Amino acid sequence: MTALPALAPQTVIREDDFIQSVADALQFVSHVHPADYIRHLSAAYEREESPAARDAIAQILVNSRMALLGRRPMCQDTGVAAVFLKVGVGVRFATARGIEELVNEGVRRAYLDAGNPLRATMVADPLFDRTNTGDNAPAMVHVDLTPGNVVEAIVAAKGGGSENKARFTQLNPSSSVADWVVETLPTLGSGWCPPGLIGLGVGGSADKAMLLAKEALFEPIDMLDLIRRGPSSKLEELRIELYERINALGIGAQGLGGLTTVVDVKIRTFPTHAASKPVALMPQCAANRHVRFTLDGSGPARFDPPEAADWPEIVVERSAEGARRVDLDRLTRDEVRGWRAGDRLLLSGKLLTGRDAAHKRMVEMLARGEPLPVPLDGRVIYYVGPVKAVGDEAVGPAGPTTASRMDMFTDALLGQTGLLAMIGKAERGPAAIEAIRRHGTASLIAVGGAAILVAKAIRSSRVLAFADLGMEAIHEFEVSDMPVTVAVDSGGASIHLLGPDLWRRV
């Protein structure tokens, strides 16, 4: 008789140890950047020549250090929870519940933590009601059964701005992956908040390629070391080629034009059908939130933050020198018409907020001839879904969301309400730019990935309408010297077209 293989020694993972480890990991990544990303972003800051991009990188780095020290989310979009598990065959979970249920309990603990509440973003029904689940569950869970007797986990939080820019294609076997990537990058816009990373998955099937691309983003960032020592394989040669070609596009930080769009390019491959070449592209934003841990039955995982000294000492200037001070409570259309793309503004006064759900409701009300719950005439609206405040905060981290998602509503609101300007992140599409030009208004940007810095300018916050929408409700902020840049002026000039054109090297 053939002898049975020896069984691995059994490890018992207690239910609460697993749940608490997931919760603690999500809390940790909400405010702690991986040190390898900070090292590469600091190097990008030092070599950046574009003033606008250098200032944007500085804000991200300062915001990161503030998040670390203050234990508050670095970005208001605290992300979709994604948990990748490699469970050893010798592991037994001391629970009657399934693995996804345990993960989702950890998500709830993390996002409802009273000391550092995280923004709940998940909606239960993706097609129709789109009602927020209230606790950011469910998570995206991936489980592999592997040799051994431990649980190895990667816990990540992926923001909507970068997740929405994922791309997939089926190339012919002889087609160039590098050429497709370089052709595709400019079509992503800057809503994914560069400087970040690009993860590529090549091979397998469509679903496998997408998973490979996302998993590639969790590999250590080592591009500076790779360039220093030189490539030792064709895959490393391809990584360097893509890093150089992508950065030569001149997209730059926040799409403002500059030398660094990505700090690294990661590639994972898998065998595929001879007739196929599936390629998935997954951008990672400047938040770059993920952490690894191992459970061996001895208790929950521990997460030790790096030293604040590892972060560069950067002072972000917020003086009025070189910037226009704007009184939002006395803003006129003539003043807006005097702004030019690239101008720096410091906003003070009362500012409205509103995102996708609020815009949809307002446009539907206008179509029915109903009055809006909040008059928009002469006002400025900020595309933001803030994190819940704690302690003496007026509001939690409150960075901008992607402006182009509101493009479909722009013409109706500008034409029927008297709205003067909008604030978001990244570029506007051609239709929105034309509406802005036609109505003599403007679109402004705040730096994505600098949510705590933005929140420091907010002195008070109250909900005015659509309270049932949670973080998507219409708030009124009282702001003082809130820094923004004119992205699209009343003449239709766009900094996201002008900036990259200036810095493109291909």
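My entries below cover an annotated domain, a cavity and a pair of helices.

**Before starting.** I am reading a predicted model, where local features need pLDDT of at least 70, side-chain atom pairs count only at pLDDT 80 or more, and totals for chains, interfaces and linings use all residues. Residues are numbered from 1 along each chain as its sequence is written, and side-chain values use heavy atoms, with hydrogens and water left out.

I found the UniProt annotation "domain: Fe-S hydro-lyase tartrate dehydratase alpha-type catalytic" on residues 20–293, from an unreviewed entry. I noted that such annotations may be inferred rather than shown by experiment. Over residues 20–293 I read 37% helix and 23% strand, with the end C-alpha atoms 12 Å apart. Helices (H or I, at least four residues) and strands (E, at least two) are DSSP runs, numbered from the N terminus.

**Cavity.** I looked for cavities (sets of points on a 1 Å grid over the protein atoms alone where a 1.4 Å probe fits but cannot get out). The structure has 1 of 30 Å³ or more, and the largest cavity has a volume of about 40 Å³, a volume being the space filled by probe spheres set on the points. Its lining residues (an atom within 4 Å of a point) include K158, F218 and R289. Strand β5 (residues 151–158) gives the most to this lining, 3 residues.

**Helix pair.** I saw α12 (residues 407–417) and α13 (residues 430–439) pack at about 15°, with axes 8 Å apart. That makes α12 roughly parallel to α13, as angles under 35 degrees count as roughly parallel.

Technical notes
On a 1 Å grid over the protein atoms alone, a cavity is a set of points where a 1.4 Å probe fits but cannot get out, and a pocket is an open set with protein on both sides within 12 Å along at least five of seven lines; lining residues have an atom within 4 Å of a point. Axes are lines fitted to C-alpha atoms, for helices over the stretch in contact, and angles run from 0 to 180 degrees between N-to-C directions. Angles under 35 degrees count as roughly parallel, over 145 as roughly antiparallel, 65 to 115 as roughly perpendicular and the rest as oblique.
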